Amino acid sequence: MASFPVEVLLGIYLGLLVGIIPALVSWAMAFSFRYFAGVTVPAFGVAVLAIALAGVNGGLLALADQSITASPNAERIVVAILVVSMASMYAHSKGDSMGAAFPKRLTLTSLRNRTLSKDVVDFVGGAGEVRIHVVGEVADMEGYPPLPEPLRAEIRGGEWTFPADLRLDELEQRLAERLKTEFDLGDVSVTVDERGRATVVAAPPFSGLSKRIEDGRHAVSVDALLPTGLARGDEVTLLTTDAQVRGTVVSARSGSSESVAVPEQPAVEDGEELPAPVQAPTTDGGEGRLTAAVRRTDAQPLLRADRAKVVVESRGTRREYELVSLLRRSDMRFRRVTPHSGQPLDGVTIGEAALRERYDVAVFAVRKPGGWRIAPEDTTELVAGEQLFVVGTRSNLDAFEEAVA
C-alpha cells in the first residue's frame with residue numbers, strides 16, 4: 001500500500017480522469033435548463049448524478065460504505081469522489097451562468113447588429129460620437145504589392161470620428177470608404193471591435209490614372225484658377241469659350257503646393273511629435289491644373305481649350321442621413337424585407353395584414369413592377385418576392401422578418 005500523500009495524488013488523478021464526462025454532462029444540464037426553461041438545477045443533485053456516472057457504488061453513499069472506507073485504497077477512492085463532485089459542481093455553476101447570459105435568439109443578423117460599448121462614446125452637442133483608431137500593424141492585402149512604409153504609418157496614426165449609433169458593420173463599411181477616399185487605396189478591409197479599435201488590411205494605390213476612372217469617362221487636364229479646398233471627388237462645371245462641361249475632379253494642384261494641407265505638428269514634453277491629423281488632399285487655391293473625369297462627348301471641347309473656369313457644384317444636404325439619425329435616436333430602425341411565397345403576407349393587402357397590430361412595424365415603401373410605391377395605402381396588395389421597406393424597433397423587425405421571410 002502506498003503512503004497517504006501518494007494515495008491522495010492518485011485519487012486526484014483518478015478523479016480528474018473519470019470526472020471529465022460527468023462534468024460535461026453537468027454543464028450541459030445546467031445550461032439547457034437555464035437557457036430554455038429559466039430554471040436552476042440543484043447543484044447537489046447534479047453532483048450525485050455526476051458521481052453516479054463516474055461509477056462509484058451509487059454516488060455519495062460510497063463515502064459511508066464500509067467496503068470502500070475499509071479497503072486498502074480507501075483514500076484514493078474518497079479523494080477521487082471529492083474531485084468528481086467539485087468538478088461537476090463547478091461545471092454546473094458555469095453552465096448555469098452561461099445559460100442566463102447567453103442571447104435567447106442568436107442569429108447572423110443579431111451578430112451583425114452589434115454596436116459599440118457605451119464607455120467609448122463621447123457626447124458632443126447631445127449626439128454620441130466615437131473615435132475610431134487603428135491598432136496593430138496595417139497588414140498587406142494578399143495578391144497586391146506591399147504598402148509603402150510612409151503610407152502604412154500614416155494610416156496607423158490616423159483617427160476618424162463617426163456617429164456612435166452605427167452598427168459595427170456600418171462603421172467598418174464607412175471607415176473602409178473613408179480610407180479609400182483619403183489615401184486612394186486600391187482595396188481595403190476593416191474590422192472594428194466594440195472598443196472602437198480597427199484592424200486594417202490594405203492594398204496600395206493603383207498605379208495608373210485609368211484604373212480610377214469609371215467606364216465611359218475620359219480624364220482631361222486643363223489650366224484654371226482653382227478655389228481653395230478643392231478635393232478629389234468634387235463635382236465641377238468647367239466653362240470654356242464654346243462649352244460648359246460637367247465632370248468629377250480626379251486630381252488638382254495649385255501653384256507649387258503639394259495639394260495636401262497638413263498643419264504643423266505640436267510637440268509633446270518628451271520631444272516626440274504627434275502624428276498629423278489625416279486630411280483629404282485639397283488645393284491651396286490659385287493658378288493650377290485640374291484633371292477631371294468627363295463624358296466621352298465632352299472631352300473634345302476641353303482638349304481644344306487653353307484654359308477653363310472652374311465652378312464647384314453643391315451636392316446638396318443629404319436629408320436622408322438626418323432621417324436615419326432621427327430614427328436611430330428614437331431607437332427605431334428600417335430594414336428591407338422580401339416576403340416569401342406561402343407566408344402570411346403573400347396575397348393580402350397592408351390593411352388586412354394589420355402589421356402595426358401584429359408586429360408593431362410600419363411599411364413605408366413597396367417595390368412594384370412599375371417602381372417603388374412610397375407610403376402605400378392600406379389597399380395596396382402585398383405579393384411574395386416584392387421588396388418592402390419596414391420601420392420599427394430592432395426586436396420587432398427581427399420578429400417580423402422571421403415570420404414573413
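In this description, a residue is called buried when its relative accessible area is under 20%, exposed when it is over 50% and partly exposed in between, as computed with a 1.4 Å probe on protein chains only. Helices (H or I, at least four residues) and strands (E, at least two) are DSSP runs, numbered from the N terminus. The model is a predicted one, in which local features need a pLDDT of at least 70 and side-chain atom pairs count only at pLDDT 80 or more, while totals for chains, interfaces and linings use all residues. Residues are numbered from 1 along each chain as its sequence is written, and side-chain values use heavy atoms, with hydrogens and water left out.

The predictor's confidence in each residue is expressed as pLDDT, on a scale from 0 to 100. For the protein chain the average pLDDT is 75, and 72% of the residues score at least 70. The pLDDT is below 50 over residues 56–61, a stretch that has 14 contacts in the model beyond near neighbours in sequence, a contact being heavy atoms within 4.5 Å. Residues 257–279 also have a pLDDT below 50, and this stretch has 30 contacts beyond near neighbours in sequence.

An open sheet is formed by four strands in the order E12-E17-E14-E15, with antiparallel pairing; two strands are taken to pair if DSSP finds at least two bridges between them. Strand E12 (333–337) and strand E15 (371–374) stand at the edges, and each has a single partner strand, so one side of each is left without a neighbour in the sheet. From one strand to the next, the twist averages 20°. Helix H13 (residues 394–404) packs on the sheet, where it touches E12 and E17, and its direction makes about 10° with that of E12. For such angles, axes are lines fitted to C-alpha atoms, for helices over the stretch in contact, and values run from 0 to 180 degrees between N-to-C directions.

Strand E17 (residues 388–392) pairs with E12 in the antiparallel sense over five bridges, and Val337 stands opposite Leu388 in E17. The antiparallel pairing of E17 with E14 runs over four bridges; here Phe389 of E17 is the bridge partner of Ala365. Five of the five residues of E17 are buried, so this strand is largely enclosed by the rest of the structure. Both of its faces are covered, with Leu388, Val390 and Gly392 buried on one side and Phe389 and Val391 buried on the other.

Several residues other than glycine adopt a positive phi. Most residues other than glycine have a negative phi. Asp360, with phi near 60°, is found in the loop between helix H12 (355–358) and strand E14 (362–368). Asp360 is exposed, with a relative accessible area of 52%. Ala375 has a positive phi of about 50° and is placed in the loop between E15 and strand E16 (381–382). Its relative accessible area of 56% makes Ala375 exposed. A further positive phi, near 55°, belongs to Asp184, which follows H8.

Helix H8 (residues 168–183) has 16 residues, which at 1.5 Å a residue should span 22 Å; the end C-alpha atoms are 22 Å apart, in agreement. The expected span is 1.5 Å times one less than the number of residues in the helix. Buried residues of H8 include Leu168, Leu171, Leu175, Leu179 and Phe183.

Ser254 lies in strand E9 (residues 244–254) and is buried, with a relative accessible area of 2%. A polar atom of its side chain lies 3.2 Å from the backbone nitrogen of Asp284, and the Ser254 side chain also reaches the backbone nitrogen of Gly285 at 3.3 Å. A polar contact is a pair of N or O atoms within 3.5 Å; within protein, one must be able to donate a hydrogen and the other to accept it, and residues adjacent in sequence count only if both atoms are side-chain atoms.

Asp242 is located in the loop between strand E8 (235–239) and E9. Asp242 is partly exposed, with a relative accessible area of 47%, and its side chain is joined to that of Thr240 by a polar contact of 3.2 Å. Asp242 and Leu302 are 60 residues apart in sequence, and their C-alpha atoms are 9.4 Å apart in space.
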